[in-house]
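I opened my notebook to look up how the parts of this model meet. My entries follow the picture.

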Amino acid sequence: MSYFPILNAPYCMGETTLYNFPPNNWESTKCVDQYVSLTYIKNNLWHSVTLDKLSYLSYIKISGNNIVDLAPEGVLPLLSLSSVELPKVSKELPILSCSHTVVPEYRSTLGLRSSSMVTSYQGEVNFFPSPASLLTFSPFLQFGEHIENYLLFLNVEKSPKKRMAEVEIYDAHSKLLKQTQSVCNNQVNIISLDDSGFDDQSLPVVVCETMAAIPFYFSSYKKGELLSFEHTHSPASLVVLGNRFNTQRQLKEYWFSQLKR
Amino acid sequence: MINGLIRKIRRAPWILGQKITQMPNDPHAVISDLFIWRCSQDWNTYFELLDLAGLFDNKGRHQVKVVFFDDRGNQFHQEFIDLVGMYRQVLNISKVLSVLKQLPSSYGTFCVFHQKSPNEVLNSEVFLTERGYVGYQYRDAPLRSYVHGNLDAIDNSLTPLSGASLLSRTYNLQYLLEVGKQYEIALTNASASNKEVEFKIVGFDGETYIKECATLRSKQAFVFPVKGLLNPSRLVIKSKMIMARPAVFCFDSDSMDVFHG
């Protein structure tokens, strides 16, 4: 079962809505009340606190404002549902005891709210292996006056120990490096994409050779008056009905060898 | 062991012969999602074209075939488009369809078939699939709202690849429909046969506020409007589709946000 982060982005407050009902009627799930927990890192350990008990067929919306007194500033807040309370302190991200579905995944609504609007994504996050790598092609930059573009690099790992990695952003045609940025595990790393020299003909390639992540793209018009938010696929999503991860490995090997550092 | 056997027997009517994506007959087939286009005074649709064969370093000029269906699932236009390699290439759907004297409807579906399957894909016994990114512009807003494809819906012989469920399935969208907002729930039928679909807007007290039934023809998109909600609610879709995952357009004042279920 997955965790549900409270995201953050420029001009926005994150808000995450959890649902205690399954997304389908064909995968077996338990119709029980579940504990809502907040999990975060402090002193190199995972800490969990029970926020509520959510009745079956109910929802709860939790924003960044709701947890400011509960978690240290700047940490990634992870919400979860489970049938038993989580350990208060653990050396690894707790394994959740709860119903799980695959088709589709059990999801929450990960929202970003500005003073003018909300943009959201139906999502969840499972811990990534460490180390792991990321390659993705990113045609989401938007251009025009008052528009800003950001990459939100979301990583969650089992271990709470801090480690850093380098995100590199290349131009797909020239394969030239346009931008590098240090990122931290177990964080939403916010990377501005506006000073990389990309224009509306450029196809950015986002690479991280030692840390996997969900690459979200966030655009804002007039400091949050309008928002846009979506993620790109991993290379495995380019193929179907076979060994997709073999194809992903081939594609990563090719691009990692061709990019000009 | 007996419990495991009972679980398997209970699960059998939901899975036997009911794959989300059926294997195309042609081992060299290419696959596409069934994307939704919207073109009208209020809507423009854009598709982010990627040269998928080029990503695999397959040299040469590549093409895609884009096939359009109206709001009844009838094909009304197709076009071959040259890809420009490793540059960003945005297909302006309104512009593509402007060659027609009159559009048959203000929305429908389209699919994008790459004419060249990369050698690495052909050798790996997987199928190239287009699950790319659609951008929607509402009322000439300066930002587009993006949504990615995630269904391997149809192959390049225009054969739908989703099967039919033996039993009626319920897709419970894990999303909070809020008072004061309006929604348009867009669902496509990626199977070869007509599908009866029941849309229900249900309160968290269990009461059904809105109910609508529709028959979706093969390759058809259906848009179910939701407005005037008096209580927070959720969406339930009942059908014999294996995966009735909708795209949701959310309207709040003048802003629009789109996302997948």
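**Entry 1: where the chains touch.** I looked up the contact between the chains first. In this predicted model, 50 residues of chain B are in contact with 55 residues of chain A. Contact here means that the C-beta atoms of two residues, placed from the backbone, lie within 7 Å. I then noted which elements of chain B each supply at least two residues to the side that touches chain A; helix H2 (52-55), helix H4 (119-123) and strand E12 (164-172) are among them. Helices (H or I, at least four residues) and strands (E, at least two) are DSSP runs, numbered from the N terminus. I sorted this side of chain B by class: 26 nonpolar, 12 polar and 12 charged residues. Ala, Val, Leu, Ile, Met, Phe, Trp, Tyr, Cys and Pro count as nonpolar, Asp, Glu, Lys and Arg as charged, and the others, Gly among them, as polar.

Entry 2: Strand E18 (residues 239-240) of chain A runs antiparallel to E8(B), joined by 2 bridges. Two strands pair if DSSP finds at least two bridges between them. I found that B:Leu128 in E8(B) is the bridge partner of A:Val239.

**Entry 3: the domains of chain B.** I marked domain 1 (31-155) and domain 2 (164-260) in chain B. Such bounds come from an automatic or database domain assignment. The centres of the two domains, taken over C-alpha atoms, are separated by 24 Å. Their contact takes 18 residues from domain 1 and 17 residues from domain 2 of chain B. On the domain 1 side, E7(B) gives the most, with 3 residues.

**Entry 4: a hairpin.** I followed E9(B) into E10(B). They form a hairpin with 6 residues between them. The two strands run antiparallel, with 4 bridges. B:Gly135 has B:Tyr146 in E10(B) as its bridge partner. In the turn, B:Arg139 has a positive phi of about 50°.

**Entry 5: confidence.** How high is the mean pLDDT of chain B? It is 95, and 100% of the residues of chain B reach 70 or more. pLDDT is the predictor's confidence in each residue, from 0 to 100. The model scores ipTM 0.95 and pTM 0.96.

**Entry 6: how I read it.** Residues are numbered from 1 along each chain as its sequence is written, while chains are lettered from A and ligands numbered from 1 in the order in which they are written. In this predicted model, local features need pLDDT of at least 70 and side-chain atom pairs count only at pLDDT 80 or more, but totals for chains, interfaces and linings use all residues.
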